[in-house]
Amino acid sequence: MEKIEKKLKEVTIRFAGDSGDGMQITGTQFTNTTAMMGNDLSTFPDYPAEIRAPQGTLFGVSGFQIHFGSTEINTPGDNCDVLVAMNAAALKVNLRGLIPGGAIIANTDGFNDKNLKLAKYATNPLKD
């Protein structure tokens, strides 16, 4: 596979998974590292309802979005350039917010038969 390298002035990344998967901690750690590298940034933590939905369901998805760059950043971003999806439900809930041609980083272990059924996928979106 050929390595494609692009230099961007700003990027928006959304981390998404089940509530309790550590998306807020992951986002916070990424934010701290980004700030230490001298980038400007804005974040948006996205918490589900206080009552925890069953794991793998669409209602239990938690997220953290960070917009960062070498220019002045004033908002957490509307759509994301990169979506990090920890399971099928996280992909389904957040896919509409990914820009056309954006990148998806998926935890393939979160796309087993049970999670696909809970997220109401007829087929595995990573293979279709």
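Q: Which residue forms a salt bridge with Arg 14?
A: Asp 46 does, and the closest N and O atoms are 2.5 Å apart. A salt bridge here is a side-chain nitrogen of Lys or Arg within 4 Å of a carboxyl oxygen of Asp or Glu.

Q: What am I looking at, and what gets counted?
A: This is a predicted model, where local features need pLDDT of at least 70, side-chain atom pairs count only at pLDDT 80 or more, and totals for chains, interfaces and linings use all residues. Residues are numbered from 1 along each chain as its sequence is written, and side-chain values use heavy atoms, with hydrogens and water left out.

Q: OK, and how many salt bridges does a search of the whole structure find?
A: It finds 1. Asp 46 sits in strand E2 (residues 40-46) and Arg 14 in strand E1 (residues 10-18), so the pair ties together parts that are 32 residues apart in sequence. The labels come from DSSP runs, numbered from the N terminus: helices are H or I runs of at least four residues, strands are E runs of at least two.

Q: Is Arg 14 buried or exposed?
A: Arg 14 is buried, at 8% relative accessible area. Asp 46 is partly exposed, at 27%. The cut-offs are under 20% relative accessible area for buried, over 50% for exposed and partly exposed in between, with a 1.4 Å probe and protein chains only.

Q: What's the mean pLDDT of the protein chain?
A: The mean is 91, and 93% of the residues reach 70 or more. pLDDT is the predictor's confidence in each residue, from 0 to 100.

Q: Which element has the lowest mean pLDDT?
A: Helix H3 (residues 113-118), with 94, while E4 has the highest, 98.

Q: Switching to the sheet: what order do the strands come in?
A: The order is E2-E3-E1-E4-E5, an open sheet of 5 strands with mixed pairing. E2 and strand E5 (98-106) are the edge strands, each pairing on one side only. On average, neighbouring strands are turned by 20° against each other, direction ignored. Two strands pair if DSSP finds at least two bridges between them.

Q: In what sense do E1 and E3 pair?
A: Antiparallel, over 9 bridges, with E3 covering residues 61-69. Thr 12 stands opposite His 67 in E3, and the bridge partner of Arg 14 there is Gln 65.

Q: Which helix packs on the sheet?
A: Helix H1 (residues 23-36), which touches E1, E2 and E3, and its direction makes about 10° with that of E3. For such angles, axes are lines fitted to C-alpha atoms, for helices over the stretch in contact, and angles run from 0 to 180 degrees between N-to-C directions.

Q: What about E2 and E3, in what sense do they pair?
A: That pairing is antiparallel too, over 7 bridges. Pro 45 has Phe 64 as its bridge partner in E3.

Q: How many of the residues of E3 are buried?
A: 9 of its 9. Both faces are covered: Val 61, Gly 63, Gln 65, His 67 and Gly 69 on one side, and Ser 62, Phe 64, Ile 66 and Phe 68 on the other.

Q: Back to Thr 12: buried or exposed?
A: Thr 12 is buried, with a relative accessible area of 3%. It belongs to E1.

Q: Which residues have the most contacts inside the largest nonpolar core?
A: Leu 83, Ala 88, Leu 91 and Tyr 121, in a core of 14 residues. Strand E4 (80-85) and helix H2 (88-94) each supply at least two of its residues, and H2 gives the most, with 4. A nonpolar core is a set of buried Ala, Val, Leu, Ile, Met, Phe, Trp, Tyr and Cys residues joined through side-chain atoms within 4.5 Å.

Q: What is Leu 91 in contact with, leaving aside its neighbours within four places in sequence?
A: Leu 83, Ala 85, Ile 104, Phe 111, Tyr 121 and Pro 125. Apart from this core lies another, of 9 residues, among them Ile 13, Phe 15, Ile 66 and Val 82.

Q: Last one: where is Asn 107 found?
A: In the loop between E5 and H3.

Key
Contact = heavy atoms within 4.5 Å.
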